[in-house]
Amino acid sequence: LSINQQNAAGQLTIGGVAASQLAEEFQTPLVAYDVTKIRDQIRRFKSVFEDNGVSYAVSYASKAFAAIAMYQVVDQEGGHIDVVSAGELYTAMQAGFPMANVSFHGNNKSREELELAVAQHVGVIVLDNFHEIELLDAVLAEANTAVRVMLRITPGISAHTHEYDQTGQEDSKFGFDLNSGQAARALQTVLKNPRMNMIGIHAHIGSQIFELNGFQMAAEKLVQVASDWRDQYGYQPSVINVGGGFGIRYTQADDPIAPEAFVDAIIKTIKQSASDHGLDLPAIWIEPGRSIVGPAGYNLYTIGSRKDVPGLTSYLTVDGGMGDNIRPALYQAGYEAVLADNPMGEPVETVHVAGKYCESGDILIDQQPLPESQPGDVLVMLDTGAYGYSMASNYNRNPRPAVVFVEKGQAQLVIKRETLADLTRLDQPYRPSTD
Ligand code: LLP
């Protein structure tokens, strides 16, 4: 949990700036990222690979938080990205992100999306299903060009996480099934296609995973597949992509190993397994999203009303909620919060931190111990950087918050706060039909 940075006045700081000062300057609700933390996590991932002496790519899963500024930081750190829509791809284009370092994912890429990806010469398209192979073939034929591809397979491993966050189990909607021979059929189809340059295999078993075991099983499975394909089809993948999913600590109750420790174990498993199968060591790619941006992000709110139900409970309401962070309502996700100007204060009460949205389920934190607070105080929710802003909505026609990047004591607005005018920008008046 990211409460250990304080200034001499005992205020919580983010990137060297007091959180309450950020709130004053940029208003609330506000999303703030400590950019140094983002950079450090990418660097830690890279050094695990370098220490193990393997070729690699650290490909940031940008669904966790996509913005021009974010893509720029990833590029500055030598990271790759994965995108899952024309929108993410377009944002990366606007950021000037090198298209050769982009992987394009998704289980229902449209023809338009594939056309954009092909026209932009993205580094690799991760093929998910047979319909897509045909669609891509048509797009490539029309553009008279070729592209690098990978096959996403379903490794048949179910990770222990929220069911919405599981993706690797056999009945998943993603990827080619292994056991029924779908994956092998996809491989043969792609190998025959001169416009598709097959570079490797991909599997992603889920998100917010704490156990090493699932990753090790997936890694072994991928090497097994690579070795089978070499033996049966004479094709050897040059890349094994193990996806993302490394769990982070949201509350004191969580106790995951460090993200780079997951990766270290995966690399060692792949090395061992490749050597057991007499397979040349492929490059290893990872796709972390949450672990890169989650701990670097903070949601800042202003405390407003409170409701005490005598003898029962208290609700402390803030000026944001499920529109800027749907995760508590959608996944029962736990978070912790502190007062910006008294982050380490002795708690005097335990409250429900409630959002302002018109739903009983809009509770950001179920049980939060807090020191005494007043309306107007700034409350900071910790570790909100992944799947917070990126899943934000305009529910109740609330504008989405601003996002700031803070580094070395300087804050920069990277996404403007939506205005009321933004909310009706796409609306058209209705003229009743006259028949
Ligand atoms: N690669 C692929 C193919 C993925 O589908 C995902 C996440 C990742 C990488 C990155 O996983 P991460 O390292 O961030 O766990 N909205 C949910 C999470 C959905 C994850 C979807 N795929 C949440 O808020 O928990």
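Is K63 buried or exposed? In this predicted model, K63 counts as buried, because 21 C-beta neighbours lie inside 10 Å of this residue, and a residue with 20 or more such neighbours is classed as buried. K63 is located in the loop that runs between β4 (56-61) and α3 (68-76). Leaving aside residues up to four places away in sequence, the contacts of K63 are V84, G289 and S390. An unreviewed UniProt entry annotates K63 as "modified residue: N6-(pyridoxal phosphate)lysine".

The surroundings of the ligand were examined next. The shell around the ligand comprises 22 residues, and the closest are A61, S207, G244, G289 and Y387. G289, listed here among the closest residues to the ligand, is also one of the residues touched by K63. Two helices, α10 (290-293) and α11 (327-331), each contribute at least two residues to this shell. By residue class, the shell consists of 10 polar, 7 nonpolar and 5 charged residues.

Helix α5 covers residues 111-119, and its buried residues are E113, L114, A117 and V118. These four lie on the same side of α5, because the arc they cover around the axis is only 130 degrees. An α-helix has 3.6 residues a turn, so residues three or four places apart point the same way. The face of α5 turned away from the buried side bears the exposed residues E112 and A119. The packing partners of the buried residues of α5 include two helices, α4 (86-94) and α6 (130-143). Strands also pack against these buried residues, namely β6 (102-104), β7 (124-127) and β8 (147-154).

Several backbone features were also noted. Most residues other than glycine have a negative phi, and most peptide bonds are trans. H121, which follows α5, is not a glycine, yet its phi is positive, at about 55 degrees. This residue lies in the loop between α5 and β7. H121 counts as partly exposed because it has 13 C-beta neighbours inside 10 Å. Q27 likewise is not a glycine and has a positive phi, of about 70 degrees. Q27 occupies the loop between α1 and β3, and with 14 C-beta neighbours inside 10 Å it counts as partly exposed. The loop between α1 (19-26) and β3 (30-34) also contains P29. The peptide bond from T28 to P29 is cis, with an omega near -5 degrees.

How values were computed:
Residues are numbered from 1 along each chain as its sequence is written. This is a predicted model: local features need pLDDT of at least 70, side-chain atom pairs count only at pLDDT 80 or more; totals for chains, interfaces and linings use all residues. A residue is buried if 20 or more other C-beta atoms lie within 10 Å of its own, exposed if 12 or fewer, and partly exposed in between; C-beta atoms are placed from the backbone. The arc is that of the directions from the helix axis to the C-beta atoms. Two residues are in contact if their C-beta atoms, placed from the backbone, lie within 7 Å. UniProt positions are given in the numbering used here, feature names are shortened, and annotations may be inferred rather than shown by experiment. A residue is near a molecule or strand if its C-beta atom, placed from the backbone, lies within 6 Å of it. Ala, Val, Leu, Ile, Met, Phe, Trp, Tyr, Cys and Pro count as nonpolar, Asp, Glu, Lys and Arg as charged, and the others, Gly among them, as polar.
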